[in-house]
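Where do oppositely charged side chains pair in this structure, and what lies between its chains? The paragraphs below go through the charged pairs and then turn to the interface.

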Amino acid sequence: MTKPLLPLSNMADRHVGLTKALAESYLEAARVSLDRHHKPPQEFTLRDGSIEQAALVVWEPPDDRCRGAWANRDDATRDGAYACAIAAAELSLGLYAVKRAETLTGADYYAAFINQVSHDLEDCLRLEVSGTNLNEYEVQRRLRNKVKQAQKGKSNLPALAVVVGFRVKLVSMQTIDGIL
Amino acid sequence: MHHSRSEKYASQAEAASRNGDKDRAAELYRLAAEEEASALSALDPSKTRTLGITAVSAASLWFKVGMFRQVERVACQWLATDYLPDFAISQLQTILQTAWNEILFRESGIEFVKGEVLVSVAGGKIVTGAAPLEFVHRKVKEVRNIFYRTIEMLLNQPFRRRGLPNADIQEQFRPWLLQAPPGSYQFAVRVQKPAQMSLFPDASPEIEEVTQKLLQIVDAAAQETHEELENIVPDPEYRNGFLRLTRNLAPTGKTFNRLEIKSATDLEARPIVFLPESRQGINKTLREERKATEEPTELKEEQLTGILRALHLDKDWIELHPDDGEQSVRIIQTGDVIDDIVGPMVNQRVIVDVAVRPDGTYLYRDIQSEE
């Protein structure tokens, strides 16, 4: 059976929380982060608890200019993880990014099951994203930390934590508050 | 309509910021904040989650452009209502406290390097908003010591084994303890910008990044494998020193069972979490490093727990009052001990790894704070 493609292309067309420019920028970062470890295409595992799904990741290798523009490894990993995490949430769970989650310190995203307009967020959940170039243990450690952090108080929204492991070809996710 | 415009401006601001166009980014964030504030005033109050998210978003956007009075206005206006859900109350309080700190700093004329480190501890004897003074004092010192080490590394200074940082560094890079938003127990630390940057020629860009660098180091030290730490801290002496300093931050589970450290102002704000198992991970790395460099020995290895009563590092010994003994014991060959790691441990509970000679003499291997 043909494996589904991780939907990294034209994300702004489906996710109202992403503008075209931002989606392209995240995709560039993902290409650089993926290319650091692999040659396309690659099979990634999307793991949601005990359920695993394989997905094919296809990307255009970045040229030197693109690599140079994303020379800051931390930025590339963070923004590349946004692209892969949002695409994985779309493919695995049918979730779409509907709004940036502005905080003091950057932005993750709010996501919803239907591609709803961004001014009604009653049914949304927070998408918490992290990326790493390290091993599977680190992917799981980050996921555990995110889950513990989200569980520790009543003051958090329901969330989906997603950690992207570029080197180990793994996207690990977990819902918090059991709302899915 | 306002929401969509705000989204568009915020996304463009992020792109401008990434391209290094700070002025354009600030202008776009301001426009995004204005649109978000307009959207907020038009919302149906029964949509509490939407209201909460939008209020937090508006306050955050005002914060990003440094318009702290606007932050205050939005936060206070909505905190005074009964409409907000818990998550939004908590987030708005955090933004408001941080904005108040910023207002005070501006008025004081003190300049800080970029970023702020927020440390929070929880569990055990820690209660909401309060912690034992001794404990807090020690944690503050430990964070300060990591800051100094990071500054020294950025200034390419040789690794210091004895004494305090040199006078110039202490005088010019003064760490400040700030009020933190309410939490389990939290404190925040910032480093004052040197008044005489000329004392550190060529170091200006690096020094601006000291808080970010500290967070990268602590994050890498918290990971099970330390390959990332090797990239960030290529010097093995510094790397070993950072691992030891970071280990002391981690809980053993007795006084507290969780410590989080994160940037309160920088872009990458995900907290670095230390649990008791984090300490075990660092211990494992340090043990492996030690075994790789030590001569193999037939001596028995032991672990002593007790109060560190005295030390004389120039004479190569420390003295411990063990839990199960009436008299203090002296542990020799402490060549590896570093002043600013062991200093905060005096008169505190510690765990000391030793090798025991046949005549009962204890040889030093490692020391860590028990809590």
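A residue is called buried here when its relative accessible area is under 20%, and exposed when that area is over 50%. The model is predicted. By that cut-off, A:Glu102 and A:Arg100 are both buried. Their side chains form a salt bridge, with 2.8 Å from N to O.

Side chains of opposite charge can pair when their charged atoms come close. Over all chains, the structure contains 44 salt bridges, and a few of them are followed here.

In chain B, one of these pairs is B:Arg5 with B:Glu35, whose closest N and O atoms are 3.6 Å apart. B:Arg5 is partly exposed because its relative accessibility is 33%, while B:Glu35, at 14%, counts as buried.

Another salt bridge in chain B joins B:Glu102 and B:Arg190, with 2.3 Å between the closest N and O atoms. Here a helix is linked to a strand: B:Glu102 sits in helix H5 (residues 86-108) of chain B and B:Arg190 in strand E3 (residues 186-191) of chain B, so the pair connects parts that are 88 residues apart in sequence. B:Glu102 is buried at 13% relative accessibility, and B:Arg190 is buried at 6%. In chain A, salt bridges with shared partners join A:Asp35, A:Lys39, A:Asp64 and A:Arg67 into one network.

Now to the interface. Contact between the chains involves 51 residues of chain B and 47 residues of chain A. Together the two chains bury about 4100 Å², of which 47% is on carbon and sulfur atoms.

How many salt bridges cross the interface of chain B and chain A? There are 6. B:Glu14 and A:Arg100 form a salt bridge between the chains, their closest N and O atoms being 2.2 Å apart. A:Arg100 also has a salt bridge to A:Glu102. Between chain B and chain A, 11 residue pairs are in polar contact, both residues being at pLDDT 80 or more.

On the side of chain B that touches chain A, the elements that give two or more residues include H1, H2, helix H3 (48-64) and H5 of chain B, as well as strand E4 (258-263). H3(B) gives the most, with 10 residues. By class, this side of chain B has 16 nonpolar, 16 polar and 19 charged residues.

Conventions:
Residues numbered from 1 in each chain as written. Chains lettered and ligands numbered in written order. Predicted model: local features only at pLDDT ≥ 70, side-chain atom pairs only at ≥ 80, totals over all residues. Heavy atoms only, no water. Salt bridge = Lys/Arg side-chain N within 4 Å of Asp/Glu carboxyl O. Buried < 20%, exposed > 50% of the residue type's maximum accessible area, 1.4 Å probe, protein only. Helix = DSSP H or I, 4+ residues; strand = E, 2+ residues; numbered from the N terminus. Contact = heavy atoms within 4.5 Å. Buried area = accessible area lost by both parts, 1.4 Å probe. Polar contact = N/O pair within 3.5 Å; in protein donor to acceptor, adjacent residues only side chain to side chain. Nonpolar A, V, L, I, M, F, W, Y, C, P; charged D, E, K, R; others polar.
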